[in-house]
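Good morning, and thank you for the time.

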Amino acid sequence: MTTAKKRVLSGMRTTGKLHLGHFHGVLTNWLELQDKYDCFFFAADWHALTSEFQHPENIPASTRDLFLDWLSVGIDPGKATIFVQSHVKEHAELHLLLSMITPLSWLLRNPTFKDSQEESKNEEAATYGFLGYPVLQAADIIIYRANLVPIGVDQLPHVELTREITRRFNYLYGEIFPVPDPLLTETPKLLGLDGRKMSKSYNNAIFLADDEETIRKKVSQMITDIQRARRKDPGDPEVCNLFPLQLLYSRPEEVARIREECPRAAIGCVECKKILTVNLQRHLAPIREKRRFYERHPDDLNDIIAAGTSRAREEAAATMARVREKMKIS
Ligand code: TRP
Ligand code: SF4
């Protein structure tokens, strides 16, 4: 007897190129999941609009970059279904129907919405679409009858809300949706060049698509142990924001050497950075190469997206047929 594989769904907003934080926080996890489960990964361009509606012109390029990033690290269209949210219009229909059964109070107490209300007095940011963000996310998830949703902890309230909306739908109209479980991904502590969390908005990130020279420059600018002002001062790898990257990228014997020599000032930060640069290049060069392949073969990329979209559409259409039947609406 064969048991069907569980279904996994996750998405990323199309807001720009991915950096090493995304790679270690999300993509390495997706790479494992695609071997075990029936995975659906999509580019959430409608969700990007909730914050980028004043600059929609950047979204198509971001969508493309996202797919290039995914493919270059090894997301395999032979294993996972990858597609664009706005190409599957059924998400919007289900979003509308779910919005009928979602109490306003659930959305108003959602922490992401509450924080945004407190942070910004910018009324333009407080749109109906932003309030409904988690309802669209619920539609994204359950339209594929997903069982598992890999996410970072910041997304947990959204998946909780998805679960509540799903239960409410099933109670009102009949059990057609599995209630999805979040799959929390452990995010290693990865800091940016300036020692703050790696993030595009802090301008401190190393991007997967960065070329050799850019990586070398960025590493050389990295802040190290701030107590270590001079070469002869001892350092502490445990408080240095370079060290987590050494752990991820450098060879065990190099890591051991740094751990031993840094506290007695036997190795300097310049040399330590050279070691990291070499190892980053070693890991990132094949990723860049794969990216270049798809950049040079845009038709291959388009074919992959088209194939993923058509599989996603089939699944979404099948779900919507049942939803319409249950909700007595055509
Ligand atoms: N909100 C998610 C984020 O910002 C993106 C997203 C949209 C998503 N729909 C989803 C994630 C469905 C998981 C499942 O990262
Ligand atoms: Fe950080 Fe390396 Fe300098 Fe030690 S030698 S402080 S680990 S950069």
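In the contact between α10 and α13, Glu 212, Ile 215, Arg 216, Val 219, Ser 220 and Gln 221 of α10 meet Lys 273, Leu 276, Thr 277, Leu 280, Gln 281, Leu 284 and Arg 288 of α13; contact here means heavy atoms within 4.5 Å. By class, these residues divide into five nonpolar, four polar and four charged. Ala, Val, Leu, Ile, Met, Phe, Trp, Tyr, Cys and Pro count as nonpolar, Asp, Glu, Lys and Arg as charged, and the others, Gly among them, as polar.

A word on the source: this is a predicted model, in which local features need pLDDT of at least 70 and side-chain atom pairs count only at pLDDT 80 or more, while totals for chains, interfaces and linings use all residues. Residues are numbered from 1 along each chain as its sequence is written, chains are lettered from A and ligands numbered from 1 in the order in which they are written, and side-chain values use heavy atoms, with hydrogens and water left out.

Helices are DSSP runs (H or I, at least four residues), numbered from the N terminus. The axes of α10, residues 212–221, and α13 come within 10 Å and cross at roughly 150°; axes are lines fitted to C-alpha atoms over the stretch in contact, and angles run from 0 to 180 degrees between N-to-C directions. The crossing of α10 and α13 is right-handed, that is, the near helix is turned clockwise from the far one by less than a right angle, anticlockwise being left-handed.

Helix α13, residues 269–296, also meets α12, residues 252–261, with axes that come within 11 Å and cross at roughly 160°. The two helices α12 and α13 are therefore roughly antiparallel, the term for angles over 145 degrees, whereas those under 35 count as roughly parallel. The crossing of α12 and α13 is left-handed. Glu 254, Arg 257 and Ile 258 of α12 make the contact with Glu 271, Cys 272, Ile 275 and Asn 279 of α13.

How do α4 and α14 cross, left-handed or right-handed? Their crossing is left-handed, and the axes of α4 and α14, residues 298–326, come within 10 Å at roughly 30°. That makes α4 roughly parallel to α14. Glu 90, Glu 93, Leu 94 and Leu 97 of α4 meet Ala 316, Ala 317, Met 320, Val 323 and Arg 324 of α14. This contact has six nonpolar, no polar and three charged residues.

Now to the spaces. On a 1 Å grid over the protein atoms alone, a cavity is a set of points where a 1.4 Å probe fits but cannot get out, and a pocket is an open set with protein on both sides within 12 Å along at least five of seven lines; lining residues have an atom within 4 Å of a point.

There are two cavities of 30 Å³ or more. The largest cavity holds about 110 Å³, a volume being the space filled by probe spheres set on the points, which are joined across faces, edges and corners. Of its 15 lining residues, Arg 228, Cys 240, Cys 262, Cys 269 and Cys 272 are closest to the centre. Helices α11 and α13 each supply at least two residues of that lining.

Finally, the second largest pocket has about 370 Å³ of space. Its lining has 11 nonpolar, seven polar and no charged residues, and α7 gives the largest share, four residues.

Definitions and conventions:
Angles under 35 degrees count as roughly parallel, over 145 as roughly antiparallel, 65 to 115 as roughly perpendicular and the rest as oblique.
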